[in-house]
Amino acid sequence: MSTTASTAAEAGASDRAGASRRSGTFYRGDPGMWSWVLHRITGVLTFFFLFVHVLDTALVRVSPNAYDEVIETYKSPVVNLLEVALVGAVLYHALNGLRVILVDFWSKGPKYQRPMLWGIVGIWVVVMIPGTYFMLERTVSELFGGGH
């Protein structure tokens, strides 16, 4: 009889756990979840950039002419947009990393984690707007007239 009672109790506990998951106790679209997802994505993208950067830099020892050709392709407008995205990814990853450190090691970090998230988003926007302008200025000038 105790086996049946414990099985029924476990089933009830399992149902309650499932209900709490469905009622929204986990992130499920909360800005904190998206912050976590974006932090992982920007970290992976930065890693792959560094990997490619090491490879193309190593190319100079193998074939300086091939290296020059690769560097020449980096002057295209598409790569310029990718550079802006890279700067944005690295900046977000760094700012959010500082926020994560504060949440983990500051006693009041969990209490202020949401305002800190919006603070880093604000800092990111304030830095990226002029940064994007200056990074794309040459490309826009070359594409739409002018040129230096």
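Modeller: A crossing of two helices is called left-handed if the near helix is turned anticlockwise from the far one by less than a right angle, and right-handed if clockwise. Helices here are DSSP runs (H or I, at least four residues), numbered from the N terminus. The model is predicted, with local features needing pLDDT of at least 70 and side-chain atom pairs counting only at pLDDT 80 or more, whereas totals for chains, interfaces and linings use all residues. Residues are numbered from 1 along each chain as its sequence is written, and side-chain values use heavy atoms, with hydrogens and water left out.

Let us follow helix 2, which spans residues 31-62, through its partners. The axes of helix 2 and helix 5 (residues 113-143) come within 10 Å and cross at roughly 55°, where axes are lines fitted to C-alpha atoms over the stretch in contact and angles run from 0 to 180 degrees between N-to-C directions. That angle makes helix 2 oblique to helix 5, a word for whatever is not under 35 degrees (roughly parallel), over 145 (roughly antiparallel) or 65 to 115 (roughly perpendicular). This crossing of helix 2 and helix 5 is left-handed. Helix 2 makes the contact (heavy atoms within 4.5 Å) through Pro31, Gly32 and Ser35, while helix 5 supplies Arg114, Leu117 and Trp118. Sorted by class, this contact of helix 2 with helix 5 has three nonpolar, two polar and one charged residues; Ala, Val, Leu, Ile, Met, Phe, Trp, Tyr, Cys and Pro count as nonpolar, Asp, Glu, Lys and Arg as charged, and the others, Gly among them, as polar.

The axes of helix 2 and helix 4 lie 9 Å apart, and the two helices pack at an angle of about 130°, which makes helix 2 oblique to helix 4. The crossing of helix 2 and helix 4 is left-handed, and their contact divides into six nonpolar, eight polar and one charged residues.

To complete the picture, helix 4 and helix 5 also pack against each other, with axes 9 Å apart and an angle of about 165°. They are therefore roughly antiparallel to each other, and their crossing is right-handed. The contact of helix 4 with helix 5 holds 19 nonpolar, six polar and three charged residues.
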